[in-house]
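Colleague: I am new to this structure and would like to go through its charged side chains with you. Could you bring it up, please?

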Amino acid sequence: MGSLLRGVSGVRWGELRYATGAAAGGVPPLLSRIAYGDESTARIAVDDLGDAICALGFVVGEATAPTVPFLLELAGSPHVACKAELLDLLGNICRADQWHSAAAATRGREDHADYRRQTGWETAARAAVHAGRPAVEGLASSVRPEEAAPARKLLLTMDSTPPFPEP
């Protein structure tokens, strides 16, 4: 994948799933399009990736947390054109609590579903976004408003959505 996204091949994408299927066929090519495509291609790829790893803007899956470090890397790369969209996607991932809410709503009922796996995905995804705080802070101090404003918005989201407590 070039010098950018060097670690993508180290992730076992074939074992991960997201909302629309196996991550192996979708996540690495979409990350590559964001990194190396023209502005239009990159924006479409961010949108498609968002649908895959943060469905409807609030439902994360198994492949979300392993994808977050690459989103942060792309957002910090000087030549990637769609930083605002990447930062917005990271904000959606950070705010996602669909599985935790569903688990809380069914707790104590006979039909309680076991949401441990899904809440684990949310916990890991939010923690991955929080782990990227230094990179986001760097973008927030940019002299370019198209980078700084969405980065500051993400920092506010991170401040208002602390990591989930470990079970």
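Colleague: How far apart are Arg133 and Glu137 in helix H7?
Modeller: They are four residues apart in helix H7 (residues 133-140), so about one helical turn separates them. Helices here are DSSP runs of H or I with at least four residues, numbered from the N terminus.

Colleague: How do the side chains of Arg133 and Glu137 meet?
Modeller: They meet in a salt bridge, with 3.0 Å from N to O. A salt bridge means a side-chain nitrogen of Lys or Arg within 4 Å of a carboxyl oxygen of Asp or Glu.

Colleague: Before we go on, where do these values come from?
Modeller: This is a predicted model, in which local features need pLDDT of at least 70 and side-chain atom pairs count only at pLDDT 80 or more, while totals for chains, interfaces and linings use all residues. Residues are numbered from 1 along each chain as its sequence is written, and side-chain values use heavy atoms, leaving out hydrogens and water.

Colleague: What is the relative accessibility of Glu137?
Modeller: Glu137 has 39% and counts as partly exposed, and Arg133 is partly exposed too, at 24%. Buried means under 20% relative accessible area, exposed over 50%, and partly exposed in between (1.4 Å probe, protein chains only).

Colleague: Switching topic, how many salt bridges are there?
Modeller: The count comes to seven. Among them, Glu15 pairs with Arg12 at 3.0 Å, N to O; Arg12 is exposed, with a relative accessible area of 60%.

Colleague: Which residues are linked in a network?
Modeller: Salt bridges link Glu39, Arg43 and Glu85 in a network.

Conventions:
Helix = DSSP H or I, 4+ residues; strand = E, 2+ residues; numbered from the N terminus.
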